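Colleague: Hi! Could you walk me through this one? I'm new to looking at structures.

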Amino acid sequence: YSLAELGETVTLSEIQPGDLMFFRGSSNSGGVGHVGMVIEVTPDAINFIHSSTNKGVTINNFKTSKYYISRYLKAKRLDYTTYKKD
């Protein structure tokens with residue numbers, strides 16, 4: 001299974017810290033190529049932490065990033081208290 005298939009899909013208006021954001025990769029192909037975790041939500045920002053190939057671990061504001069807005073696929077909320085690996 002894919003991590004993008006687990007959990008509850010949430011809208012950007014419902015997003016909160018701990019939610020995962022899924023993006024197409026830099027090739028802009030259809031599937032998930034990049035994931036970030038939301039760390040802060042304010043009226044002006046959805047800040048997420050992720051690992052960048054060129055910059056290492058970085059924090060971006062989704063609301064002001066044309067690059068990530070254009071590649072956004074969905075956001076998911078996982079229930080970390082009940083997740084069990086088979």
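Modeller: Happy to! One term to start: a residue is called buried when its relative accessible area is under 20%. Also keep in mind that this is a predicted model.

Colleague: Okay, so are Phe48 and Tyr68 buried or exposed?

Modeller: Phe48 and Tyr68 are both buried.

Colleague: And how are the rings of Phe48 and Tyr68 arranged as a pair?

Modeller: They form an edge-to-face aromatic pair, with 5.2 Å from centre to centre and 85° between the planes. Phe48 belongs to strand E4 and Tyr68 to helix H1, so this pair ties together parts that are 20 residues apart in sequence.

Colleague: What about Phe62 and Tyr72, what kind of pair do they form?

Modeller: That aromatic pair is tilted, at 5.2 Å centre to centre with 55° between the planes. Phe62 sits in the loop between E5 and H1 while Tyr72 is in strand E6, so the pair ties together parts ten residues apart in sequence. Phe62 is buried too, with a relative accessible area of 6%.

Colleague: Which residues do ring pairs link into a cluster?

Modeller: Phe23, Phe48, Phe62, Tyr67, Tyr68 and Tyr72.

Colleague: New topic: how much space lies in the largest pocket?

Modeller: About 300 Å³. The largest pocket is lined by 16 residues, and the closest to its centre are His50, Ser52, Thr53, Tyr67 and Tyr68.

Colleague: Which strands and helix each supply at least two residues of that lining?

Modeller: Strands E3, E4 and E5, along with helix H1.

Colleague: And what classes of residue are in the lining?

Modeller: Eleven are polar, three charged and two nonpolar.

Methods: Residues numbered from 1 in each chain as written. Predicted model: local features only at pLDDT ≥ 70, side-chain atom pairs only at ≥ 80, totals over all residues. Heavy atoms only, no water. 1 Å grid on protein atoms, 1.4 Å probe; cavity = no way out; pocket = protein on both sides within 12 Å on 5 of 7 lines; lining within 4 Å. Points joined across faces, edges and corners; volume = space filled by probe spheres on them. Helix = DSSP H or I, 4+ residues; strand = E, 2+ residues; numbered from the N terminus. Nonpolar A, V, L, I, M, F, W, Y, C, P; charged D, E, K, R; others polar. Phe/Tyr/Trp six-rings, centres within 6.5 Å; stacked < 30°, edge-to-face > 60°. Buried < 20%, exposed > 50% of the residue type's maximum accessible area, 1.4 Å probe, protein only.
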